[in-house]
Every structure is written in C-alpha cells, then in structure tokens.
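Here is a short report on one structure.

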Amino acid sequence: MENIAQELTAKIGGPVRTGEPLSRYTSFKIGGPADLYVEPETTAELVAVLTVLRQKGIPWFILGSGTNLLVNDRGYRGAVLRLGGDFCRTAYDGPVVEAGAAVKLAVLARDAGRRGLAGLEFAAGIPGSVGGALVMNAGAHGGAVSDCLLEAVVLDRDLELHRLAHDALGLSYRKSSLPPESVVCSVKLGLKPGNKEALEEKSREYLAFRRDRQPRQPNAGSIFKNPPSDAAGRLIEAAGLKGHRSGGAKISEVHANFIVNCGEATAEDVLSLIETAKASVVKQFGVTLELEVRLLGY
C-alpha cells in the first residue's frame, strides 16, 4: 500500500496517508484505520485517483462528512476518499447556487438565508455534506434536498461526468437512485427570493429545535428511517429502550432514534444496540426498522 500511496502523492495536491484512523473523520468518533486515505482536490485528481485504485483492484469509499456512518472497529480494507479543494466551493447566479459535493449543507443553508434566498432553511441544522445530502435526499421540518434540486454533476463508474437533471436522480424518502459507484461532484439548487430577516429567524428556530430535541454527544444522526405513518424514535421509546446501554454506547435519553458515544464506544457496542432496538420493535409492534445510518467495513 505504501507504493500506491507514493504513486497517488505524485498525482494530487491533497494528503495521502496509510493506516489513517477513521474515528478522526466520523461524527460518531468511532472507526478503525483505512488502508489508504486520500483527499483529491479537483475532478481531474479524483479521476486520477480512481483510475489507479481500479487498476490495482482496491475498493474505495467516498467519506463525505462522516455524519451518517458507522465504521467497523477493524477499519476499512481499501481506500477512503475525502473530497477537498474545488469540491468545497460555491457559486451564486441570482437565486441559483452551485455547490461542490464537500460543502457543508448547514453552512450553505445559512449562507443562502443571509443572502435572502429561500428554500434551504430546513437544512440549517442538518450535519453532512452536499454530496451526501443528495445521495440520501436529506431532509427535515417537511423539506428535503429534492425540493430545490435542479441538477447534479455526477462521475459514473466508467469515470465519465454527467450533468443529471432532478428527474434522473430518483429521489424519494432518504434515498436516490444513484448507483453505488457513482460520485457526486456538485449540485445546482434553485432557490427563491425571500425576506432575509425572516429566513434567518426560521433558521434559528430550526437550530433551536434540533438542539432541544437531539443529543449533543457524538452520534451519527438518525439510526433508523421512519416507517410509514410512524416514527422510529417513538417505537424505540415505547419499547422501553431509552437509556439502554451496551459498553460505551447508549440509546439517547433525549431522542430514542439516536445512539450516542458516551466516550469509549466501539462500533460493536453500537451494532449491539441496533440489533436490540430492531428485535424489540419487531417483537412488540410488528414493525421492521430499516437502517438510515450506513455501515462501512462490514
């Protein structure tokens, strides 16, 4: 792997490291080392990196902001890519904004509000990157990325770029139809003129809502998707699991659809709680909960 790291270092401007602990990059603060860690800064560098990885037969994963992810304690036997540079830039053209995949969604939402542009207020408190938000069609407070998405620039499995319109992305509740080996490079969002003060106030309300109703300890956001006409957190709480612990992990007492890292949690601790919650809910209510958090290294 050291030879491949040296080869990639010569091709890109960002860092290339071996044995990099992924706990440094996940909101859970959990995760073992990746065999290879790479930060491409341009689309050309991304293509160059993926070309080498495919030639060497090395599996890869785009990390994003690490906010909806549980990484195996043993790490990931492959390359983890974290986009930087050009992927962190935004450009406005009137009410239309084009944002790189690595732009923080919440930062973009607040910036749009300060510019008097409406449509992203729902995302003011959502952690994660724009690219990940598109893949998962992130949403809150009755809004979602799909509501304002115009198009996205996507690198396909053949390393060819495509500009895909909204309807080609198959966006629905917390999912898209993008193939697993696709990489979102940027998105274009259509916003609307609004009252700057009112938008900023709405963003503050949503942020306060999340602060009051979601835990502040390290977590990965909602663990399960909400089942039709119900809420995963309500079901888990009704099953009597609030505060239930496994090692250093705990089902949050603030919101039962969150598992928190109390300080020394392992991925196995979290998985134990996931299985406990699933088994209890299906036994008591006949509802099978579906994971929203993604697993890496399993």
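Two strands pair if DSSP finds at least two bridges between them. Helices (H or I, at least four residues) and strands (E, at least two) are DSSP runs, numbered from the N terminus. This is a predicted model: local features need pLDDT of at least 70, side-chain atom pairs count only at pLDDT 80 or more, and totals for chains, interfaces and linings use all residues. Residues are numbered from 1 along each chain as its sequence is written, and side-chain values use heavy atoms, leaving out hydrogens and water.

**Strands**

The table lists two pairings.

| β6 (residues 90-93) and β7 (residues 96-100) | antiparallel | 4 bridges | T90 with A99 |

The hairpin of β6 and β7 has 2 residues between the strands. There, G94 takes a positive phi near 65°.

**Helix α3**

Helix α3 spans residues 105-114. Of its 10 residues, 7 are buried (under 20% relative accessible area, 1.4 Å probe, protein chains only). Among them are L105, L108 and D111. The buried residues of α3 pack against β6, β7 and β13, and also β8 (117-118), α4 (130-135) and α5 (196-213); contact means heavy atoms within 4.5 Å. Just after α3, G116 has a positive phi of about 75°.

**R174**

R174 sits in the loop between β12 (161-165) and β13 (183-190). Not counting residues up to four places away in sequence, R174 touches residues including M136, N137, K225 and E292. A polar atom of the R174 side chain lies 3.3 Å from the backbone oxygen of N137.

Technical notes
Polar contact = N/O pair within 3.5 Å; in protein donor to acceptor, adjacent residues only side chain to side chain. Buried < 20%, exposed > 50% of the residue type's maximum accessible area, 1.4 Å probe, protein only.
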